[in-house]
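Please look over the sequence and the model shown here before reading on.

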Amino acid sequence: MSFSATTLMAFLSDCAQPQTKRDIARSFGIKGGEDRIALKKILKELESAGRIIKHPGGTYSLPEGLPSVTVIEVTEIDIDGDVLAKPVEDFGKDVRIEIKPEKKGHAALREKDRVMAALKKRSDGVYEAKVLKRLDDAKGRILGLVVRQGDNYILEPANKKIRKTFDIPQNDLSGASEGDMVVGELQTSRGLRREKVRVMEVIGHADDPRAISLLSLSEVGLRVEFPQLVLDSTKDMSVPALGKREDLRRIPLITIDGADARDFDDAVFAERVEGGYHLIVAIADVSYYVLPDSPLDREAYLRGNSTYFPDRVLPMLPEALSNDLCSLRPKEDRACLAAHLWINEGGQLLRHKFVRALMRSHARCTYEQVQAARDGQKDEVTDVLYDDVIRPLYDVFKILDRAREKRGALDLEIPERQILVNEDGEMTGVQPRKRLDAHKLIEEFMILANVAAAEALEAKQAPCIYRVHEPPKADRLHSASEFIQGFGMSLPKAQNISPAQLNGILKKSAGLDYGHLIHEVLLRTQSQARYSPENVGHYGLALKKYAHFTSPIRRYADLLVHRSLVEAYGLGPGGLTDGEKVRLQEMAEQISTCERTSIEAERNAVDRFTASYLSEKVGATFSGRISGVTRFGLFVTLDETGADGIVPIKSLADDYYVHDEQRHALIGRRKRHIFRLGAQVMVQLLEADSLTGSTVFELSGHKKGADIDGFQEPKKFQQRDEKSKEKRQRKNYKGGKKGRGKPKKK
């Protein structure tokens, strides 16, 4: 029987009693010589690492639990938002680790992220982990606030996971002063009570709201400035001559974007033809300007995508391209890659053709402007365009919208909020982002073009970066199904549940008191979309083939799709190279990671802007909705601002609350108060920290009602509660016949 550290620990795990060195040697057939020396070495190494214990008398066993501090890897984020992990090292046993959230909620962790964590074992055998350090952070970089203490300076970290401060020697301030937000570099300071940092960069002053976005992008390592070599490479670029390009300049293509948009990378047109409609979706020809392995290309690949903050945009490409040559400005010639699309009256894509072309946008329109024209309020721009341009666009939208509903695309609405920022960069409020038919119109045109791009590449057996969205995991659906059954509904028992079947549940529950709960639970079953050279389809859109084609200005994935189309259809220079074809899997993973990083930075910036806005309202009461329920407390999203914060379970002092995973609720053992996912609550703001973006609440007035939801509990749960109540009553009495006897002393 061969032995190693892993097999030795597995052996000790199976042993009911501690084992001597002789017992271990006998079990592994070790009789002497080099094997015995190797066994002794392994035992010593495992003991030094704390992975086994040597007891008095020379016997060995596994520790009762995991080490108090160890490296863990995120394995899953479950339907309630709980972050689950496992030890990176093999300790010879399977354990469940739940990562404890911070004040502002769970850290922005993803599956396979690794952290150094402090572990604490609960009575049920589950470990709670407190994150001490993200191991994928830039080594030695610490962002924070410079604070003066007498004649000395310290750095107060912006990362809430770091629970200590750092000394800044006077000589290492590098021009920073009290109140500055800075990037610090950890210095060698062995033996000192507090570690030292040296200021590497001053981000801005804490009183300057414009520094919030800079702090949020710096902490995830995003690049603000473009290298000079990249900027220089754009100087001699210009719009190409027509040449072999198709001339679309007389076609009345228009752009439809938000009122605050600065770059316009897509233009649309539709006309009725025999048997259906002919559509044109024209996209800025970024692949003509950004050639493979050029300085521009290498920088765009590192960035992966543009990142959007409340007060600024961090672009993937320099402004010379994103706001000029690749922006489809009205009345100016621009190079484009155009998709000609033909559909029938049922919205079926009959055929498509991709061409390089030269176009001239006939108008720059906003969503609100186009929608107003549709509703009968035309202006001087839309009045001229309405009959020949805008009306056909809406006619096609109706067809595509019906087709979307027929194929069963998932109908989960995710409300978006817009942070309002003034000219000084200060947040002045928040409002829901309007969702007009004009938005949906452009969305459906883009989806159709994306489908066509994937089909076109497959027709040529050319490489493609797909936008994939896997179906929900079985365990998440099972958890959601158990919850929904409590309300008299059920998910199909089929192994593969279609988006249309989920839509059926959503429609059935719409308008009911608990409809928002069903929506929230089903939303949490969904996986995160990503990029991949392997096509597994897009579950949410109910599409078998889907690739991002329509935004190469701001997404590198789209640029790769453009290059593959150019190469596959012989459309000129800038096609996909052999080197890129070989590295496609690696590139897909890189741009998926960049996307997640941008999402994290955007979320952190919004948290900080919102916390800064709320910092002057500490003590005020707000209405909100419970957006997360864990054994550590409740997460609440405010109705007015969309701010997220935590209600620590220790603040619920009127009872002992238990986390009911099936109900997605905290339930008081004695008074049976129920705090359920999606429930409306009133909270008082206790803390709002603009440096970390954390917000802490306390429930206000919750003692007035036993069920905070305000609707009748499902019978399934009522019956379970009655059984639980009877069991507790029996426990509280002793002796005699049923219903008789003396109460136990408390």
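What follows describes a sheet, a helix and several aromatic side chains.

## Basis of the report

The model is predicted, with local features taken at pLDDT of at least 70 and side-chain atom pairs at pLDDT 80 or more, while totals for chains, interfaces and linings use all residues. Residues are numbered from 1 along each chain as its sequence is written, and side-chain values use heavy atoms, with hydrogens and water left out.

## An open antiparallel sheet

An open sheet is built from 5 strands in the order β11-β10-β9-β12-β13, with antiparallel pairing; strands are DSSP runs of E of at least two residues and helices runs of H or I of at least four, numbered from the N terminus, and two strands pair if DSSP finds at least two bridges between them. Because β11 (166–168) and β13 (197–205) each have a single partner strand, they stand at the edges, and one side of each is left without a neighbour in the sheet. From one strand to the next the twist averages 40°, where axes are lines fitted to C-alpha atoms, for helices over the stretch in contact, and angles run from 0 to 180 degrees between N-to-C directions.

Strand β9 (residues 141–149) is joined to β10 (residues 152–157) by 6 bridges, with Val146 partnered by Leu155 and Gln149 opposite Asn152. These two strands form a hairpin with 2 residues between them, and Gly150 in the turn has a positive phi of about 65°. β9 also pairs with β12 over 5 bridges, one of them setting Leu143 against Val183. Helix α4 (residues 211–219) lies across β9, β12 and β13, at about 140° to β13.

## Helix α7

In α7 (residues 295–303), Leu296, Asp297, Glu299, Ala300, Tyr301 and Arg303 are buried, meaning under 20% relative accessible area with a 1.4 Å probe and protein chains only (exposed is over 50%, partly exposed in between). These buried residues pack against elements including α5, α15 and α17, contact being heavy atoms within 4.5 Å. The helix is followed by Gly304, whose phi is positive, near 80°.

## Aromatic side chains

There are 5 aromatic pairs, counted where ring centres of Phe, Tyr and Trp (its six-membered ring) lie within 6.5 Å, with planes under 30 degrees apart called stacked, over 60 edge-to-face and the rest tilted. Phe354 and Phe549 are edge-to-face, 5.3 Å centre to centre with 80° between the planes. Phe354 lies in β21 and Phe549 in the loop between β26 and α15, so the pair ties together parts 195 residues apart in sequence.
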